[in-house]
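Thank you all for making the time this morning.

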Amino acid sequence: MTSRYHYCAERDMKQILLSSSNNNENNDENVNFYVLRPGGLSDEMRNDETTSLQISTDTKSIPPPARVGRADVASLAIELCNNNQSNNKKKRKSCVLATRWTGTDIKPKSQGKYQDGFKTAKECVESLDLTDYEFPEYKYKPYVLASGLFVYSFIGLALKLGWKVISVILSFVR
């Protein structure tokens, strides 16, 4: 589940990235970042014979359920860092990535097909082509602000009135 706070953090990272590229004449020195969005994390190890690792730049293209092992997420992070240090221009770009296991040997339910993923994290990272990648734009919905103001105002009034009622009851009890 992705909340608005995740989107706000990604938006802020994008703004930092854009401002650093505007301030820096040599864009090759910019620091790239990767946001890894794993599915439900698992402590189990992946069975390489029946389960593969899938990664995508389109975070909506990986349907739930999306379980993945902590060890695989860590190996993806390491491979992304190693790959970022290389001189391959098509790989050196900040992005948001979704990841999950694919195959039939996943509890509680199978996810996709074994052929949809890769055997190792290195193969996953090498398969990425970030040349046409555009950072996702997140639009805020105005009704969220309006409903939030209403709900929080109502809660505040209820607490204030409730406190007054409790203080009146306590004054009669004494």
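I will begin with the overall layout, then turn to the core, the surface and the salt bridges.

Please keep in mind throughout that what you see is a predicted model. The chain has 174 residues, and 28% of them count as buried. Its secondary structure comes to four helices and five strands, and if you follow the elements from the N terminus on, they run α-β-β-β-β-α-β-α-α. As for how the chain meets itself, if we take the contacts with a separation of 6 or more, 81% of them are between residues 24 or more positions apart.

Let me go inside now. Which residues have the most contacts inside the largest nonpolar core? That core has 20 residues, and the ones with the most contacts inside it are Tyr34, Leu53, Ile55, Leu76, Leu80, Cys95 and Leu97. The elements that give two or more residues to this core are strand E1, residues 34-38, strand E3, residues 51-56, helix H2, residues 70-84, strand E5, residues 95-103, and helix H3, residues 121-127. The largest share, four residues, comes from E5.

Is Ser42 buried or exposed? Ser42 counts as buried, because its relative accessibility is 4% and the cut-off for buried is under 20%. A polar atom of the Ser42 side chain lies 3.1 Å from the backbone nitrogen of Glu44. Again not counting residues up to four places away in sequence, Ser42 touches Arg67, Val68, Gly69, Arg70 and Trp101.

Some of those names return when we come to the salt bridges, so please hold on to them. How many salt bridges does a search of the whole structure find? The search finds four.

In one of them, the side chains of Asp43 and Arg70 meet at 2.6 Å, N to O. This pair links distant parts of the chain, since Asp43 is in the loop between E2 and E3 while Arg70 is in helix H2, 27 residues apart. Asp43 is exposed, with a relative accessible area of 65%, whereas Arg70, at 46% relative accessibility, counts as partly exposed.

Another salt bridge is formed by the side chains of Arg67 and Glu44, at 3.7 Å, N to O. Here too the pair links distant parts of the chain, with Arg67 in strand E4, residues 67-69, and Glu44 in the loop between E2 and E3, 23 residues apart. Arg67 counts as partly exposed at 22% relative accessibility, and Glu44 is partly exposed, with a relative accessible area of 44%.

Then there is the salt bridge in which the side chains of Asp72 and Arg46 meet, at 2.9 Å, N to O. It links distant parts of the chain, Asp72 being in helix H2 and Arg46 in the loop between E2 and E3, 26 residues apart. Asp72 is buried, with a relative accessible area of 11%, and Arg46 is buried as well, with 13%. Salt bridges that share partners join Arg46, Asp48 and Asp72 into one network.

Finally, let me show you two places further along the chain. Gln115 has its place in the loop between E5 and H3, and at 64% relative accessibility Gln115 counts as exposed. The C-alpha atoms of Gln115 and Ser52 are separated by 7.5 Å, although the two residues are 63 residues apart along the chain.

The other place is a nonpolar surface patch of about 710 Å², made by Phe150, Val151, Tyr152, Phe154, Ile155 and Leu159. Of these, let me pick out Val151, which lies in helix H4, residues 142-173, and which, at 39% relative accessibility, counts as partly exposed.

That is where I will stop, and I am glad to go back to any of these views.

Methods:
Residues numbered from 1 in each chain as written. Predicted model: local features only at pLDDT ≥ 70, side-chain atom pairs only at ≥ 80, totals over all residues. Heavy atoms only, no water. Buried < 20%, exposed > 50% of the residue type's maximum accessible area, 1.4 Å probe, protein only. Contact = heavy atoms within 4.5 Å. Core = buried A, V, L, I, M, F, W, Y, C linked by side-chain atoms within 4.5 Å. Polar contact = N/O pair within 3.5 Å; in protein donor to acceptor, adjacent residues only side chain to side chain. Patch = residues over 30% accessible without salt bridge, like charges linked within 9 Å, V, L, I, M, F, W, Y side chains within 5 Å. Areas by Shrake-Rupley, 256 points an atom, 1.4 Å probe, with all protein chains shown as cover.
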